[in-house]
Amino acid sequence: MQLDLFFEISQPPQLKRSEADAFEQTLNEITLADSLGYGCAWLVEHHFMRGYSHSSKPDLVLAAASQRTKNIRLGLGVTPLPYHHPVHVAERAATLDILSRGRFELGIGRGFSPQEYTAFGADMRNSRTLTAESLAILQLAFSRQPVTFHGEHFHLDALDILPYSIQQPHPPIWTAAVSPDTFVWAAQEQLGMLAGPFKPWMMVKQDIRHYLDAWQGPAAPRAGMTVGILCLPDGKRARVLAKDALVWFYQQLFATTLPVLEKLYPSYEHFHDLGRFRSLLKLGINLTMLETFGMVVVGSPDECIDKLQKYREAGVTNLLCAVGAGALDTEIIQESMQCIASDVMPALRD
């Protein structure tokens with residue numbers, strides 16, 4: 001199981017850091033990760049989420065990271081296709097692949113924020129067809145041939161979409177997956193899948209099984225999952241530090257997803273599977289609850305190794321580590337990154 005990193009570029013009020021500091025610290029952490037042997041640095045794309053995420057243009061941050069690093073792969077996790085023109089996505093993906101010298105990973109998704117859909121003029125009811133057509137255009141764009149496509153939403157005629165990516169046939173493509181049928185669709189489309197941090201492990205484990213069962217391609221399946229993590233030599237210290245930081249992160253996260261869970265927007269019906277978990281959320285979030293549901297991992301290296309084994313055994317190939325969830329001082333995050341790299345990573349690669 002490969003250990004990756006996951007960044008929201010959060011602005012927790014308790015850190016009292018400027019946005020400029022947050023971006024510089026993120027780039028410094030990615031640069032450190034490059035030297036420590038982490039597999040990939042993933043950046044989200046969110047809009048209008050003050051505090052929780054200021055990563056609205058992750059492709060620009062990855063472009064900067066590509067010039068500071070040599071080995072670590074760089075991933076968009078993810079680009080919401082329903083409110084991005086697929087030609088722009090293809091052009092940006094190829095450009096990032098060139099700038100990183102073939103280290104780019106492209107994550108796509110439908111997005112989940114009604115506010116984002118409204119602001120960018122997309123209809124949430126069309127999320128599935130927009131995503132399917134956009135993916136088809138992306139795959140055509142990577143073929144190095146003029147692209148012609150006529151669908152419900154897009155009409156393109158003989159477009160020479162430039163530049164061309166270094167990786168052939170194209171950078172690895174992943175999709176965000178929340179609804180059970182999306183995991184099956186990802187396998188059918190031969191895409192890597194990225195499970196977000198807001199679904200209990202007991203549900204994600206079943207979803208991963210469905211994904212692996214549906215996979216029939218010659219390449220190996222790629223199953224990614226995001227977890228909040230803080231690992232330090234002193235496990236008790238890790239718990240003290242993680243208690244407020246990880247709880248803050250998940251409070252912010254669930255504040256953005258609960259409106260979707262409550263209103264059950266069209267084509268997002270499977271969110272209702274989270275009903276019982278949603279009821280628990282309303283009672284309040286705490287570190288013990290998050291650990292119980294397999295959404296965070298906190299402790300000493302030995303404790304973290306023991307807790308992380310279940311993800312590897314279930315088929316997770318890429319664990320996206322939100323170290324400190326971006327809600328701790330960068331010195332602590334970097335300390336944990338070093339601890340994970342030296343004392344945890346080797347055990348999970350065996």
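**Second largest cavity.** I began with the residue classes in the lining of the second largest cavity, and found five nonpolar, three polar and four charged residues. The model is a predicted one, so I note that each value here is computed from its atoms. The space in this second largest cavity comes to about 110 Å³, and the residues that line the cavity are E45, S56, K57, P58, D59, L76, T79, H84, V89, R92, A93 and L106. I then looked up which elements supply the lining, and helix 2, strand 3 and helix 3 each give at least two residues, with the largest share, three residues, coming from helix 3.

**Helix 2 against helix 3.** On the helix 2 side the contact is made by D59, L62, A63 and S66, and on the helix 3 side by R92, L96 and L99. By class I recorded four nonpolar, one polar and two charged residues in this contact. D59 and R92 belong to this contact, and I had already listed both D59 and R92 in the lining of the second largest cavity.

**Helix 1 against helix 2.** Next I followed helix 2 to its contact with helix 1. The axes of helix 1 (residues 19–36) and helix 2 (residues 58–66) come within 10 Å and cross at roughly 45°, which makes helix 1 oblique to helix 2. This crossing is right-handed. F23, L27 and I30 of helix 1 meet V61, A64 and A65 of helix 2, and by class the contact has six nonpolar residues, with no polar and no charged ones.

**Largest cavity.** How many cavities of 30 Å³ or more does the structure hold? I found three, and the largest cavity has a volume of about 170 Å³. The largest cavity is lined by 19 residues, of which F6, F7, E29, A325 and G326 lie nearest its centre. Two or more lining residues come from each of strand 1 (2–7), helix 1, strand 11 (318–323) and helix 12 (330–343). Helix 1 gives the largest share of this lining, four residues. I also noted the classes, and the lining of the largest cavity divides into twelve nonpolar, four polar and three charged residues.

**Largest pocket.** I then turned from cavities to pockets. The volume of the largest pocket is about 650 Å³, and 38 residues line this pocket, with G109, R110, G111, A176 and A177 nearest its centre. The elements that supply two or more residues to the pocket lining are strand 3 (73–80), helix 5 (127–141), strand 7 (173–177), helix 6 (180–188) and strand 8 (192–195). Of the pocket lining residues, 21 are nonpolar, eleven polar and six charged.

**Helix 6 against helix 7.** The axes of helix 6 and helix 7 (residues 201–214) come within 8 Å and cross at roughly 25°, which makes helix 6 roughly parallel to helix 7. Helix 6 passes helix 7 in a right-handed crossing. P180, F183, V184, A186 and A187 of helix 6 make the contact with D207, I208, H210, Y211 and A214 of helix 7, and by class these are eight nonpolar, one polar and one charged.

**Backbone geometry.** Which residues does the cis peptide bond with omega of about 10° join? They are G77 and V78, and V78 has its place in strand 3. I also found a cis peptide bond from Q168 to P169, with omega near 5°, where P169 lies in the loop between strand 6 (155–159) and strand 7. Last, I noted K16, a residue other than glycine whose phi is positive, near 50°; K16 is found in the loop between strand 1 and helix 1.

Terms used:
Residues are numbered from 1 along each chain as its sequence is written. This is a predicted model: local features need pLDDT of at least 70, side-chain atom pairs count only at pLDDT 80 or more; totals for chains, interfaces and linings use all residues. Side-chain values use heavy atoms; hydrogens and water are left out. Axes are lines fitted to C-alpha atoms, for helices over the stretch in contact, and angles run from 0 to 180 degrees between N-to-C directions. Angles under 35 degrees count as roughly parallel, over 145 as roughly antiparallel, 65 to 115 as roughly perpendicular and the rest as oblique. A crossing is left-handed if the near helix is turned anticlockwise from the far one by less than a right angle, and right-handed if clockwise. Contact means heavy atoms within 4.5 Å. Ala, Val, Leu, Ile, Met, Phe, Trp, Tyr, Cys and Pro count as nonpolar, Asp, Glu, Lys and Arg as charged, and the others, Gly among them, as polar. On a 1 Å grid over the protein atoms alone, a cavity is a set of points where a 1.4 Å probe fits but cannot get out, and a pocket is an open set with protein on both sides within 12 Å along at least five of seven lines; lining residues have an atom within 4 Å of a point. Grid points are joined across faces, edges and corners, and a volume is the space filled by probe spheres set on the points.
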